[in-house]
Amino acid sequence: MDVRKNKAALTVTDQDLAREHHRQYKVTALVLQGGGALGAYQAGVYQSLDEAGIHPNWVAGISIGALNAAIIAGNAPEHRVERLREFWQAICRPPLLPVWPTPPLEPGAWQLTWQNVQSGWAAFRALTEGQPGFFYPRPFPLLPWNSSPATASWYDTAPLKLTLERLVDFDRINHKTSMRVSVGAVNVRTGNFAYFDNTEGPLRVEHFMASGALPPGFPAIEINGEFYWDGGMVSNTPLYKVLADSARCDSLIFQVDLWSSRGELPHDLAEVTSRTKDIQYSSRTRLITEYMGMRQRQERVLHDVMALVPEDQRHHPAYRHAEIYASSALVNLFHLIYRNKPYEGHYKDYEFSIDSMRQHWDAGMDDMQCTLAEPTWFERPSAEHPFITHDVHCED
């Protein structure tokens, strides 16, 4: 279902109904795509969910989505939004030089031009100065002493390790009664994609940093003798992981993307660069959704057909084998996509200004509130339509 609606006041009744519907699902998953500085949009989405009393029991992320996942899973529910805000304010501080003051401008062409200049300047500063609490440029990165997998990069992410260790309780992440956490990375040696999951072993700060170690900017992260890079190099969304692992459970899934697979034709090299990133990092989310929806419907049909088999025939090996693939699970998937701002350029994923961060955050809150304003969308799908999707966009 592709939905466009006006922003509306979110009532307490809307929240109550959405919360009641969400309790009917065994799995409530938050799926977070990679996208660097755009990740504040995901934090805004989570804040609106939190304010509505909807708490995921599974969070999966890649790259910046993995860092947001660490903050969410590594804190008690009542502290998660506060910690997310602390994280984003920490990594979006001005690196060295002060921020240009914004002159009082009337809405119009000059305001947009000024925003574009400020945005480009903030991105340039991130490249040259780094970001506090996140990364800083390596001095002389091409010299021989930077010739190991852990140092072969333009930037050093040691500050990120300290930030995560300060804001995340990893004991909580690894507690058996905590929410499930999955983060994706790529094995540098084999090129294979790998998921680190707290149901399969304890997660440390290195697992989350590995998921966001995008080369050549950031260094590979060593885990148990192997080195890993950013999972977005292979797949920038963990949606397939969540849909595949929850195939036997009624699931409510919030897929939060930072790149849109759809866009305008580019007319210059800067627009080509921006559109290339959109296509590359959107990671075929719609294709994965359509494929998994088709598979879910096939599994439901198989389940219903198997119900027609007489009891005395169900011992047959073919029936036992078919049981593996049959499923009566229902899936309700919400797809929230960050929409580019007019002033943003191809550098939007490394533009860490405070102003842009706040706009990303507010956009995430607005889009999630528009979703919550339609509580009937949260109802469990029917057996005839076991896999439902909502592509949600709000009109300004």
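## Basis

The model is predicted: local features need pLDDT of at least 70, side-chain atom pairs count only at pLDDT 80 or more, and totals for chains, interfaces and linings use all residues. Residues are numbered from 1 along each chain as its sequence is written, and side-chain values use heavy atoms, without hydrogens and water.

## Cavities

A cavity is a set of points, on a 1 Å grid over the protein atoms alone, where a 1.4 Å probe fits but cannot get out; lining residues have an atom within 4 Å of a point. Points are joined across faces, edges and corners, and a volume is the space filled by probe spheres set on them. Searching the whole structure gives two cavities of 30 Å³ or more.

The largest cavity has a volume of about 40 Å³. Its lining consists of D257, W259, S260, S261, S282, T285, R286, H335 and I337.

T289 counts as buried because its relative accessibility is 12%, where buried means under 20% relative accessible area with a 1.4 Å probe and protein chains only.

Leaving aside residues up to four places away in sequence, T289 touches L239, F387 and T389 (heavy atoms within 4.5 Å). The T289 side chain also reaches the backbone oxygen of T285 at 2.8 Å.

Key. 1 Å grid on protein atoms, 1.4 Å probe; cavity = no way out; pocket = protein on both sides within 12 Å on 5 of 7 lines; lining within 4 Å. Buried < 20%, exposed > 50% of the residue type's maximum accessible area, 1.4 Å probe, protein only. Polar contact = N/O pair within 3.5 Å; in protein donor to acceptor, adjacent residues only side chain to side chain.
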